[in-house]
Amino acid sequence: MNEIDMIIEQTDNWVKKVIMKYNICPFARQEVERGSIRYLVVEQTKVKLVLKALIEECQYLDAHPEAETTLFILPRGFEGFYAYLDLVDMATDTLIEHEYEGTYQLATFHPDYCFDGEPLDGAANFTNRAPYPTLHIIREASMELALANYNDPETIPERNIAFCERKGSDFFVKLLAECMGK
């Protein structure tokens, strides 16, 4: 198996064995079962090239409605969480500059994700931890529809944090290692 296929497999394991299995995202199961999640490994490490690839991926999604969403995986160059957060800010600005605001939004995942005010090893951070730095490109119209058909969508983050805290950090460290094949 080549490196790109391995990264996709590890990320797919995370989607199925963490996000879907523990209902972190209540909308993931439908897309996994439909096969409508696109996994894109972006090998560029220069911010300008990553942002260009992001817009190209939005254009791909424009042309391919059968792909509901893309996990835009960055295996190198953004291992540092703060550098990743800088990229997230620039990516959001780039979506606006290219008139994709209102069409696509980004959800963010990183192996060292840490919510402001949370300790680095806090279990709540695992709601947004993934095997690799990842930008999740979400169709806003689909998200609005999904949220409209879900009771109390504003409780999803609170429910996830409570679940992660009940399970504890060690549980998720082990689970992510399993997703990576370790």
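Predicted model: local features only at pLDDT ≥ 70, side-chain atom pairs only at ≥ 80, totals over all residues.

Colleague: Let's start with one side chain: is Tyr-150 buried, partly exposed or exposed?

Modeller: Residues are numbered from 1 along each chain as its sequence is written, and side-chain values use heavy atoms, leaving out hydrogens and water. Now the general idea: buried means under 20% relative accessible area, exposed means over 50%, and partly exposed is in between (1.4 Å probe, protein chains only). Tyr-150 has 25%, so it's partly exposed. Phe-27, at 19%, is buried.

Colleague: How many aromatic pairs does a search of the whole structure find?

Modeller: Rings of Phe, Tyr and Trp (its six-membered ring) pair if their centres lie within 6.5 Å; planes under 30 degrees apart are stacked, over 60 edge-to-face, and the rest tilted. The search turns up 12 aromatic pairs. Take Phe-27 and Tyr-150: their ring centres are 5.5 Å apart and the planes sit at 70°, so that pair is edge-to-face.

Colleague: Where in the chain do Phe-27 and Tyr-150 sit?

Modeller: Helices (H or I, at least four residues) and strands (E, at least two) are DSSP runs, numbered from the N terminus. Phe-27 is in the loop between helix H1 (3–20) and helix H2 (28–34), and Tyr-150 is in the loop between helix H5 (140–148) and helix H6 (156–167). They are 123 residues apart, so this pair links distant parts of the chain.

Colleague: And why is the pair of Phe-171 and Phe-172 called edge-to-face?

Modeller: Because the planes are at 90°, with the ring centres 5.0 Å apart. Phe-172 is buried at 2% relative accessibility, whereas Phe-171 is partly exposed at 24%.

Colleague: Which charged residues sit over the rings of Phe-126 and Phe-171?

Modeller: The test is that NZ of Lys or CZ of Arg is within 6 Å of the ring centre and within 35 degrees of the ring normal. Arg-129 has its charged end over Phe-126, 4.6 Å from the ring centre. Over the face of Phe-171 you'll find Lys-167, at 4.7 Å.

Colleague: On to strands. In which sense do E1 and E2 pair?

Modeller: Two strands pair if DSSP finds at least two bridges between them. E1 and strand E2 (residues 69–73) pair in the parallel sense over 5 bridges, with Val-41 opposite Ile-73 and Arg-38 opposite Thr-70. E2 also pairs with strand E4 (residues 134–139), in the antiparallel sense over 5 bridges; there, Thr-69 stands opposite Ile-138.

Colleague: Which faces of E1 and E2 are covered?

Modeller: E1 (residues 37–41) has Ile-37, Tyr-39 and Val-41 on its covered face, and Arg-38 and Leu-40 on the uncovered one. In E2, both faces are covered: Thr-69, Leu-71 and Ile-73 on one side, Thr-70 and Phe-72 on the other.

Colleague: Last one: what does the side chain of Glu-57 make a polar contact with?

Modeller: A polar contact is a pair of N or O atoms within 3.5 Å; within protein, one must be able to donate a hydrogen and the other to accept it, and residues adjacent in sequence count only if both atoms are side-chain atoms. Glu-57, in helix H3, makes one with the side chain of Arg-38 (2.6 Å). At 3% relative accessibility, Glu-57 is buried.
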